[in-house]
Each structure stands twice: as structure tokens, then as C-alpha cells.
Amino acid sequence: MLAKRRCGANLSAARAKMQAKSILITGASSGIGRALALAYARPGISLSLTGRDRERLQDTASAAQAQGAEAATAQLDVRDQKAMAQWIGAVDARRPIDLAIANAGITTGLRPGQLAEDPAAVRAIVAINLIGALNTVEPLIAPMCARRRGQIAFIGSIAGIRGLPYAPAYCATKAAIHAYSESLRGRLAASGVKVSLIIPGFVKTPLNDSITAIKPLEIPDAQAAALIKRGIEKERPVVAFPKSLYLLAGLARILPVRIVDKVMRCIAVSIPQTAERND
Ligand SMILES: NC(=O)c1ccc[n+]([C@@H]2O[C@H](COP(=O)([O-])OP(=O)(O)OC[C@H]3O[C@@H](n4cnc5c(N)ncnc54)[C@H](OP(=O)(O)O)[C@@H]3O)[C@@H](O)[C@H]2O)c1
């Protein structure tokens, strides 16, 4: 009985120790990133937030500060490898980062009748969704491994599980994030660094609002942030929600390809092309 109680106390102590105090979030100026910042914001938490829109970013920081957190902002484009490395290095030197969430992302896709994506839009989404995530985590791998602690979370998507005919480039970037995250998780496990892949379904955000489609089981950004936070705290390798949509996407991977393609062709979806371009 006593041993059991002691074991429980040890577990709670270990959990408390694992709770991230210094948290970096990209794409904190809107949607899921903003909701995550607010989900974590409380006294004792130091948030390092980045995005491009100064006003919206500052708005997130002010709301986080009002909840008692320390919040610093940096107006950056995740494509800028040098600037990202400098900022992340400086934050990590000041207050070692316990948790980094590579969240910043855009979407682009096809409207009904449109066959091909603009190559410039495709390159922009690859640079933001994939290279931007690499620019976020690469500077942290060595310092976190040296400390033998730290967590990295990638925001993937259910659209990364099986290619969808409405958004080829978006699906490709998210599938790449899934593969990278899985690889990194296995590689860093022995160094004490945990990696979580977040796989959201439809979350009500400006990104999601731009898509015209049926959006089964869409949830508010605050609910998504709570699920992500809980999954990260439990050090889950994969945090996928809603479960039914995640399982359906998994099923779409194993069912005969022609049947799945045919079903997908019958679903009306319109996704605007991004205006983002690489310089
Ligand atoms: N909403 C969904 O249903 C859903 C589902 C699955 C996965 N996701 C993923 O969740 C992540 C967040 O999306 P969201 O729905 O919250 O979209 P959102 O509301 O449009 O927010 C996107 C965030 O990413 C930032 N961002 C975009 N491009 C950037 C760049 N080049 N440099 C720096 N920051 C950049 C934006 O900053 P600025 O506005 O300041 O540029 C903004 O803060 C994305 O990776 C998305 O793919 C979303």
C-alpha cells in the first residue's frame, strides 16, 4: 500500500517535472497556434511566439500575458532559415526551450474543374509547411539532445494520411511532415527528446474557413488546442482527432485505391490557390 502510494507520488513528481515551462510556438498569430498559446498561458510559463502579422501576434501575446504568462514575440517568416535559427538560438540560450510546436502553415488547392496547381503556389507551400517546420526544429535538436530533455511537436493533418485530389501539394507537405516526425521520433528517443505528431481533422480557423466543403466533426480551435496540449503532456507519439475521421483516413489507405479515388471524386470540394510566393 505504502509502496503503491510512493510510486504514485513519484509518478506525479515526474509528470510535474515534464511539464513544459519554456514553450515556442510558430504561427501563433492565428487559429490553432493562437489557441495553443492561450491554452498554455499561465503564471510560470514563458511563451516565445512567432508569426508574420505584427498586430495579430501582439494580440496573442497580450492575451497570454493577461492570463499570467510571460510572452515574447518575433515577427518572422518560417522560410527564413537564418533568422529562425538566430531567434531560436537566442530564446534557447535565455531560457532553454522545453517544448517547440511547429505549427505555422498555409493551405492551397484546386477549385472544381481546375486540373493543375500553379507551380509557384506549390513551391510556396512546400517552403512554408515543410521547410518552415524544419527551420523551426533543426536548431533545437542538438541542444535538446545535449540536455537529454525536450519535446518537439509537429502539426500534421488528416490530409497527410492519404492524398486527396483537391489539394495535392498540401497533402504532400503534410505527408512529408508525418514521415519526418516519425523518423525523428525514433532517432531522438534514446537521447530523451520526445517527438509528437499532431494529426487534426477540421478545426475552425481562418485557414479552414477558406475551404468550401463538408467538414465533418469540425471543432473550435480552443478544443483542438486542449486536445493537443493533453496529448503532448502525455508524451503521445501521435495525437490524432477526431478519432473516427482518423480511422476513416487510415481505412482509405488500405481499401482498394480505385474505389477510394472514385468516392473522393464524388465529393465537392473547392480550395483556393494560395497567394503566397517565394521571393
Ligand atoms: N484548421 C484546420 O482544420 C487544420 C487541420 C489540420 C491541420 N492544420 C494545420 O494547422 C496549422 C495551423 O493552421 P490554422 O488552421 O491555425 O491556420 P491559420 O489560422 O491560417 O494560422 C496559420 C498560422 O501560420 C502562420 N504562417 C503562415 N505562413 C507563415 C510563414 N511563411 N511564416 C510564419 N508564419 C506563417 C500564420 O501567421 P501570419 O498570419 O502572421 O502570417 C498563422 O499564424 C497549419 O500547419 C495547418 O496546416 C489545420
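**Exercise 1.** Starting from the relative accessible area of 41% that Arg56 has, assign Arg56 to its accessibility class, and then find its salt-bridge partner.

*Solution.* Buried means a relative accessible area under 20%, exposed means over 50%, and partly exposed is what lies in between, with a 1.4 Å probe and protein chains only; with 41%, Arg56 is therefore partly exposed. The model is a predicted one, in which local features need pLDDT of at least 70 and side-chain atom pairs count only at pLDDT 80 or more, whereas totals for chains, interfaces and linings use all residues. Residues are numbered from 1 along each chain as its sequence is written, and side-chain values use heavy atoms, with hydrogens and water left out.

A salt bridge requires a side-chain nitrogen of Lys or Arg within 4 Å of a carboxyl oxygen of Asp or Glu. The partner of Arg56 is Asp53, with an N to O distance of 3.5 Å, and Asp53 is itself partly exposed at 28% relative accessibility.

**Exercise 2.** Which parts of the chain does the salt bridge between Arg52 and Glu276 tie together, and which residues make up the network to which the two belong?

*Solution.* The closest N and O atoms of Arg52 and Glu276 are 2.7 Å apart. Because Arg52 sits in the loop between β2 (46-51) and α3 (54-66), while Glu276 sits in the segment after α10 (257-265), the pair joins parts that are 224 residues apart in sequence. (Helices, H or I of at least four residues, and strands, E of at least two, are DSSP runs numbered from the N terminus.)

As to accessibility, Arg52 is partly exposed at 41%, whereas Glu276 is buried at 18%. The network of salt bridges links Arg52 and Glu276 with Asp77 and Arg79, and a search of the whole structure gives 13 salt bridges.

**Exercise 3.** Describe the surroundings of the ligand, giving the residues of its shell, its polar contacts and its burial.

*Solution.* Begin with the shell, for which a residue counts when one of its heavy atoms lies within 4 Å of the molecule: 32 residues surround the ligand, and the closest are Ser29, Ser30, Asp53, Tyr170 and Thr205. By class the shell holds 14 nonpolar, twelve polar and six charged residues.

Next come the polar contacts, pairs of N or O atoms within 3.5 Å. One oxygen atom of the ligand is 2.7 Å from an N or O atom in the side chain of Ser29, an oxygen atom of the ligand is 3.4 Å from a polar backbone atom of Gly31, and a nitrogen atom of the ligand has a backbone N or O atom of Val78 at 2.9 Å.

Finally, the ligand taken alone exposes 890 Å², of which the protein buries 94%, the areas coming from the Shrake-Rupley method. The elements that give two or more residues to the shell are α2 (31-40), α6 (168-188) and α7 (206-209), and α7 supplies the largest share, three residues.

**Exercise 4.** Where does Thr173 lie, and what does its side chain meet?

*Solution.* Thr173 is part of helix α6 and is buried, with 2% relative accessibility. A polar atom of its side chain is 2.7 Å from the backbone oxygen of Tyr170. Setting aside neighbours within four places in sequence, Thr173 is in contact (heavy atoms within 4.5 Å) with Ile125, Val126 and Asn129.

Note on methods: A polar contact is a pair of N or O atoms within 3.5 Å; within protein, one must be able to donate a hydrogen and the other to accept it, and residues adjacent in sequence count only if both atoms are side-chain atoms. Accessible areas come from the Shrake-Rupley method with a 1.4 Å probe; for residues, only the protein chains shown count as cover. Ala, Val, Leu, Ile, Met, Phe, Trp, Tyr, Cys and Pro count as nonpolar, Asp, Glu, Lys and Arg as charged, and the others, Gly among them, as polar.
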